[in-house]
Amino acid sequence: MSQFSYQDGVLHAEGASLAAIAEQFGTPTYVYSKAQLLANYASYADACAGRDALVCYAMKANSNLAILDLLARQGAGFDIVSGGELLRVLAAGGDPRKVIFSGVGKSVDEMRLALSHDILCFNVESIPELHRLNEVAGAMGKTARVSLRVNPNVDAKTHPYIATGLKANKFGVAFDDALDTYRAAAKLPHLEVAGIDCHIGSQLLDDAPLLEALDRLIELIDKLGEEGIVLHHLDIGGGIGINYGEAGEAAPVPVGDYLGRLFAKIDAWRAARYEGKAIKVIFEPGRSIVGDTGVLLTKVEFIKHGEEKNFCVVDAAMNDMARPALYQAWMDMQPVVQGKAGALTYDVVGPICESGDWLARDRELAVEAGDLLVMHSAGAYGMTMASNYNTRGRAAEIIVDGEVCHMVRQRENPADLYALESLIK
Ligand code: LLP
């Protein structure tokens, strides 16, 4: 059940009216539901109950400290892609020993930082990265736990910009090179081969490609076992999608169903061929944890009737939510106050000086200047992809808990944006 619903004709987040939130905190503002966040996390945690499994939330989806703190308190680990994200985990009180570090371009400094905090694992993507990590760990007198991100060459059937498991993508070690790469890793003195991982893409509505990727990982684990390389964990990445509400859109597979099928496969394999040996299972979900947890609340500035189109000009823009401009993503928009008459077809656009600055196209809306709108399912890859283009301060962020609203990030002021700049003498 969604935590965003109309109560007496006004859209609420849990027990808080979005009209009241706009009044108190201004717009544009990201509004998140704590209950929705915890329910989404529980869908993973419940399916993992009693098993050796770890949910490493992919914090690139939403890295607000309050969100990280709420998830850390539920026992979550984190999938990070930069030193900056590790510092956020620490600032939020997360446990670095539950952190895995993904990404194709880890710098020496980032490796040092992660090693100094004894993170759970580096998800390594190339042989040069293995060598760099081995050197950095050796110089620190440490051993780095590594997993190889294997590219299973599975078609995730998602938007080309967010499919990552195909041969043509920059990610991972090619499936056919994986054994050799493991052999190379096992010889390096300051590395401990700990796991195997993959991530085939994002916004997958069907779990078949993920289960296919699992088969390929299992195939490799078996081969590694024959050579005496025994892994501690298997990390299947993130990827389960959410519903964005577009007509005709397929429903995403429920997380519990996917995890049930995945564990059944792992159990059958372990019983048959892995001699019942233990292996920890790691997940890296992002969107399915935070996507439907948040909305972007915005105010209509002007209604403009162009020659060919009607425009609803709002105060949020592509700098606040880049997904439509970047991926032509369809995201649902609704008025905060229900039931107005006089709907017209609008393009909902922001104030930025680019034709690509749109949030929604060809939508039936009954709106006038001063009205409030929300963009649904904006909790993932919204605020984390926001920019300061056009010297626009990034939006405020609010977490609603029942009827209580917590401001978890203040709105940026223009002065914040040029604070690090200086004139030449
Ligand atoms: N693990 C790795 C290594 C990843 O690259 C990603 C996402 C995830 C986990 C989390 O995937 P999720 O569960 O959220 O699907 N900005 C795009 C999505 C980019 C996803 C990048 N990688 C969007 O707004 O659709």
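**From overall shape to single residues**

Analyst: The protein has 425 residues, for which a compact globule would have a radius of gyration near 22 Å; the value here is 23 Å, so the two agree. Please keep in mind that this is a predicted model. The C-alpha trace spans about 70 × 60 × 40 Å along its principal axes.

User: How much of the protein counts as buried, and what makes a residue buried?

Analyst: A residue is called buried if 20 or more other C-beta atoms lie within 10 Å of its own. Buried residues make up 46% of the 425 residues.

User: What makes glutamate 227 exposed?

Analyst: Here we set a count against a cut-off. Glutamate 227 has 11, so it is exposed. Glutamate 227 is found in the loop between helix H8 (208–226) and strand E12. Its C-alpha atom and that of arginine 183 are separated by 9.0 Å, although the two residues are 44 apart along the chain.

User: What share of the contacts joins residues at least 24 apart?

Analyst: Among contacts between residues at least 6 apart in sequence, 69% join residues at least 24 apart.

User: How many helices and strands are there?

Analyst: The protein has 12 helices and 21 strands.

User: Why are strand E1 and strand E3 said to stand at the edges?

Analyst: Let's take the sheet as a whole. Three strands form an open sheet, in the order E1-E2-E3, with antiparallel pairing. Strand E1 (4–7) and strand E3 (16–17) each have a single partner strand, so one side of each is left without a neighbour in the sheet.

User: How do you know that E1 and strand E2 pair?

Analyst: Pairing needs at least two bridges between the strands. Four bridges join E1 to strand E2 (residues 10–13), so the pair qualifies, and the two run antiparallel. In this pair, tyrosine 6 stands opposite leucine 11 in E2.

User: Which domains are assigned, and how far apart are their centres?

Analyst: The domain assignment gives domain 1 (4–31 + 292–417) and domain 2 (103–283). Their C-alpha centres lie 36 Å apart. Seven residues from domain 1 and six residues from domain 2 take part in the contact. On the side of domain 1 that touches domain 2, three residues are nonpolar, two are polar and two are charged.

User: Which residues are closest to the ligand, and what kinds of residue form the shell?

Analyst: The ligand is surrounded by 20 residues, the closest being Ala58, Ser202, Gly238, Gly286 and Tyr381. Helix H10 (287–290) and helix H11 (323–327) are the elements that give two or more residues to this shell. By class, the shell has six nonpolar, 10 polar and four charged residues. Domain 1 and domain 2 each supply at least three residues to the shell.

Note on methods:
Residues are numbered from 1 along each chain as its sequence is written. This is a predicted model: local features need pLDDT of at least 70, side-chain atom pairs count only at pLDDT 80 or more; totals for chains, interfaces and linings use all residues. Domain bounds come from an automatic or database domain assignment. Two residues are in contact if their C-beta atoms, placed from the backbone, lie within 7 Å. Ala, Val, Leu, Ile, Met, Phe, Trp, Tyr, Cys and Pro count as nonpolar, Asp, Glu, Lys and Arg as charged, and the others, Gly among them, as polar. A residue is near a molecule or strand if its C-beta atom, placed from the backbone, lies within 6 Å of it. The radius of gyration is taken over C-alpha atoms; the globule rule is 2.2 Å times the number of residues to the power 0.38. A residue is buried if 20 or more other C-beta atoms lie within 10 Å of its own, exposed if 12 or fewer, and partly exposed in between; C-beta atoms are placed from the backbone.
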